[in-house]
Amino acid sequence: MSTRDPNYGTVLEHKPELKKPSMYKVILLNDDYTPMDFVVYILEEYFYKSREEATRIMLHVHHRGQGICGVYPYDIAETKVAQVIEAARRNEHPLQCIMEKE
């Protein structure tokens with residue numbers, strides 16, 4: 001029997017191996033000008049954090065210089081970074097957000 005069937009295309013002998021996508025950390029960077037309340041708002045609005053968790057992350061960023069907002073596949077992380085930067089600019093804040101491969 002042939003491994004080809006003209007009615008259904010090619011039959012594969014082996015299943016292709018699927019890899020999990022690379023994950024990226026979305027990180028907020030501290031600055032001396034962006035209000036803490038705005039950072040909490042960003043964490044609630046774009047990262048769906050509770051008020052308590054958003055406040056904890058904001059304080060971590062404030063005291064340590066940076067903090068992780070979440071870990072996402074590349075496309076989602078890239079979108080979140082763009083959303084944060086756009087919201088900060090719209091509100092005239094210098095807040096910076098970056099992504100790093102996990």
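Student: Are Phe47 and Tyr72 buried or exposed?
Tutor: The model is predicted, so local features require pLDDT of at least 70 and side-chain atom pairs pLDDT 80 or more, while totals for chains, interfaces and linings use all residues. Residues are numbered from 1 along each chain as its sequence is written, and side-chain values use heavy atoms, without hydrogens or water. Relative accessible area (1.4 Å probe, protein chains only) under 20% counts as buried, over 50% as exposed and in between as partly exposed. Phe47 and Tyr72 are both buried.

Student: What is the angle between the planes of Phe47 and Tyr72?
Tutor: Rings of Phe, Tyr and Trp (its six-membered ring) pair if their centres lie within 6.5 Å; planes under 30 degrees apart are stacked, over 60 edge-to-face and the rest tilted. Phe47 belongs to helix H1 and Tyr72 to strand E4 (residues 66-73), so this pair ties together parts that are 25 residues apart in sequence. Helices (H or I, at least four residues) and strands (E, at least two) are DSSP runs numbered from the N terminus. The Phe47 and Tyr72 pair is tilted, with centres 6.4 Å apart and planes at 40 degrees.

Student: What is the relative accessibility of Tyr41?
Tutor: Phe38 and Tyr41 are three residues apart in helix H1, and therefore about one helical turn separates them. Phe38 is buried, its relative accessible area being 9%. Tyr41 counts as partly exposed because its relative accessibility is 36%.

Student: Which handedness has the crossing of H1 and H3?
Tutor: A crossing is left-handed if the near helix is turned anticlockwise from the far one by less than a right angle, and right-handed if clockwise. For H1 passing H3, the crossing is right-handed.
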